[in-house]
Amino acid sequence: MQIKLDELSNTTSLAPDMTSKVSTSIHQQLERNHQQRVKAWRVATSIGVSFRYAAAGVTYAFNTQRNFRIHCVMGTLAISIGALLNLTGAEMAIICITSGLVLTLELLNTAIESVVDLTVGQNYHELAKIAKDCAAGAVLISAFASVLVGFCLIAPKVIALFVH
């Protein structure tokens, strides 16, 4: 293989007979990479397919993640209590957003844990532990915050029921 360095432009160029071989080799590698990607994931062809993929993720989390189910129950309970106590629209929106945030972070935690497990497999790695612990910590903080939000919005209404 002949490689010539062009001193003026500081670039390398291949001899003419090698250009087609390298081009073919690069093309073949790109084609192999494309075939592997096609097997690894599917592109959503419509908005409906996108929603099905998203629903599959939520269903997976609900079926496999105990904490996701707990957060679903607690969020539903908070929204139900808020409705029974006739919270204002803004108060209900705050409870819904807070509950949604907890569920969103739980989904992200599940995704991060899955990617880490895919990467390190059954091997222990300190950085994998840190990634998983931090993702779980984000869910924990949001869950504590949601309890505080619920308490601040619901407790005064409950107390008012018993005082009057």
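Start by selecting Val58, Ala61, Phe62, Asn63 and Thr64 in helix α2, which meet Arg66, Phe68, Arg69 and Cys72 in helix α3; contact here means heavy atoms within 4.5 Å. These contact residues divide into 5 nonpolar, 2 polar and 2 charged. Nonpolar covers Ala, Val, Leu, Ile, Met, Phe, Trp, Tyr, Cys and Pro, charged covers Asp, Glu, Lys and Arg, and the others, Gly among them, are polar.

The model is predicted: local features need pLDDT of at least 70 and side-chain atom pairs count only at pLDDT 80 or more, while totals for chains, interfaces and linings use all residues. Residues are numbered from 1 along each chain as its sequence is written, and side-chain values use heavy atoms, leaving out hydrogens and water.

Next, show α2 (residues 47-64) and α3 (residues 66-84) whole. Their axes, lines fitted to C-alpha atoms over the stretch in contact, come within 5 Å and cross at roughly 100°. The two helices are therefore roughly perpendicular to each other, a term for angles of 65 to 115 degrees.

Now select α4, residues 89-120. Its 32 residues reach 46 Å from first C-alpha to last, close to the 46 Å expected at 1.5 Å a residue, where the expected span is 1.5 Å times one less than the number of residues. Buried residues in α4 include Met92, Ile95, Val102 and Val116; buried means under 20% relative accessible area with a 1.4 Å probe, protein chains only. Show α2, α3 and α5 (126-163) too, as they are among what covers the buried residues of α4. Just after α4, pick Gly121, which takes a positive phi of about 60°.

Finally, zoom out: the chain has 5 helices and 2 strands, which are DSSP runs (H or I, at least four residues, for helices; E, at least two, for strands) numbered from the N terminus.

Key. Axes fitted to C-alpha atoms, helices over the stretch in contact; angles between N-to-C directions. Parallel < 35°, antiparallel > 145°, perpendicular 65-115°, else oblique. Buried < 20%, exposed > 50% of the residue type's maximum accessible area, 1.4 Å probe, protein only.
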